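Please look over the sequence and the structure together before reading on.

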Amino acid sequence: MWQAFRNGSVFDARAGDREVDDPHGGRPWGPERSVRARIVAWLLLDGPPALDGRVSSLKLQGLQITDVLDLAGGTVVPYVEMKQCRFEKEVLLPEAHFTTLRLVDCSVPRLEAARVHTEGDLHLPRCRFHSGVRLTDAQIGTDLLLNQAVVFRDRRGKSILADGLSVGQDLQAEMLETHGEVSLRGATVGVSLSLRGSRLSNTQGRRALNAPQMTVERTLYLTPAGLGNPLQSGGTPARGTRVQRFECVGGVRLDDGRFGDAVDLESARFALENDQEVSLRRIQTPELRFLGERPLRGRIVLSGAKVVNLVDRAASWPGPPGGQLRMGGFAYENLIPFGPFPLGLRLNWLAAATPEYSPEPYERLATVLRNSGEDADAREVLLAKQRRRRDTLPPAAKVWGYIQDWTVAYGYRPGRAAVWMAVLWAVGAFAFGHASHPPMKPGEGPHWDPALFALDLLLPVIDLGQSSAWQLRGGWQWAAAALVILGWILATTVAAGATRLLRRS
């Protein structure tokens, strides 16, 4: 191993038996393939010089490192790569400095690496960590890889504790399997964060992914991964490729996050308890792709979020009765439905988001529809808003609301007023044609015309000279009074609708 370090070559201690060489298996490894952690630390911190024309590096494969590997606070210049190694005890790297560190397919009791700094990559693919990983305030110069790693919980219920983590380029954690909370509070990722095909589970806590105030310069992927050899990363898997979707057992918190391109939830599955939620409060992103599987329990919270494009499908959202979806202050500029999403289902979407009446989601949807040229749908949304509001009013106002709805649909269907006017005019003209009508002043006034008489009663303010020239008696007076009242009702509802239309324009 000493000579391999000076030569920059791989020191391979494998036996050649796949079952024996499995670092995660139960077969013991003898002293012939074991090395003390102190020797490894000695090589990395103060190793011998490289041979002439070579670059020293520590490349180990199939080795067992006994005792605690402690490199805390040290500066490690050589390239480090350990494959299929087995660590007897925890690895301590707090405040250590590396160029590049790669642990591939290793068995590690615990990785303590708070404030670790790497100039290049930190690779931990296919590793198994039995008591968690700590990367608090770590600074990774380029990429952090956790693909296909398995991480179990520590004593505090955390599987990965990486608050304040900074990654210069990509954080790839595809097909990651965790059994505890993944905490990325205030983390910063220079390019994209990929959790494609990962399975996050925290059955003993509230959240499986806790990442408020995260900044991702490009895209957060909570999407499927193609299963193959090698693992297919990124893009849409080819037809016929077996895929594994992103699954999360426990709550997700992405509050106050900033995502430069998109948050992609295509085919994501969330298994929530009633008190858990997928919280996207106040996130900001150009595009939210809400295309996952509808959660059976828990809540989806988008309160205060701001997105430009909302790409969604009807089957992804919780439906009525309300309570599972909260969207107070949710701002979006464009709706891009993925598949059929008729207006009726979109109104159910709003109803699910507002178990208690709130006008803002209806007005937001109407504005977006109007801006996209769908004026008729926008009017239907505002009509639905008025009907929801009516249910909150006292009895007298509720009755008036029903009258406005039946007559002119709160002014959003003004054509109804003309129909009602025509019907009442025809009925009035026919009825008054059979009424006795002595003149107010004999020998004066216009010629009796029952059609004009009925129209004069129906039209408020306008005087055609008929209603004031003739007098009715008995029941005909009540009929005339009813026609006047109905005329005023139609006129005021039309005026109210026109006012709303002018205010919106």
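## What counts as a cavity

A cavity is a set of grid points where a 1.4 Å probe fits but cannot get out, and a residue belongs to its lining if an atom of that residue has a point within 4 Å. The structure shown here is a predicted model, and by this rule four cavities of 30 Å³ or more are counted in it.

## The largest cavity

The largest cavity has a volume of about 90 Å³, and its lining is made up of Leu135, Leu144, Leu146, Ile160, Leu165, Leu171, Ala173, Leu176, Val182, Leu184, Leu193 and Leu195. Sorted by class, this lining has twelve nonpolar residues, with no polar and no charged ones.

## The second largest cavity

For the second largest cavity the volume is about 60 Å³, and the residues that line it include Leu44, Leu69, Phe87 and Phe98. Strand E7 (79-83) and strand E11 (101-104) each supply at least two residues of this lining, which by class has eleven nonpolar, no polar and no charged residues.

## Two helices in contact

Helix H4 (residues 343-353) packs with helix H6 (residues 375-390) at an angle of about 40°, and the axes of the two lie 11 Å apart; H4 and H6 are therefore oblique to each other. The crossing in which H4 passes H6 is right-handed.

On the H4 side, Leu343, Leu347, Leu350 and Ala351 take part, and they meet Asp377, Glu380, Val381, Ala384 and Arg388 of H6. The residues of this contact divide into six nonpolar, no polar and three charged.

Technical notes: Residues are numbered from 1 along each chain as its sequence is written. This is a predicted model: local features need pLDDT of at least 70, side-chain atom pairs count only at pLDDT 80 or more; totals for chains, interfaces and linings use all residues. Side-chain values use heavy atoms; hydrogens and water are left out. Axes are lines fitted to C-alpha atoms, for helices over the stretch in contact, and angles run from 0 to 180 degrees between N-to-C directions. Helices (H or I, at least four residues) and strands (E, at least two) are DSSP runs, numbered from the N terminus. Angles under 35 degrees count as roughly parallel, over 145 as roughly antiparallel, 65 to 115 as roughly perpendicular and the rest as oblique. A crossing is left-handed if the near helix is turned anticlockwise from the far one by less than a right angle, and right-handed if clockwise. Contact means heavy atoms within 4.5 Å. Ala, Val, Leu, Ile, Met, Phe, Trp, Tyr, Cys and Pro count as nonpolar, Asp, Glu, Lys and Arg as charged, and the others, Gly among them, as polar. On a 1 Å grid over the protein atoms alone, a cavity is a set of points where a 1.4 Å probe fits but cannot get out, and a pocket is an open set with protein on both sides within 12 Å along at least five of seven lines; lining residues have an atom within 4 Å of a point. Grid points are joined across faces, edges and corners, and a volume is the space filled by probe spheres set on the points.
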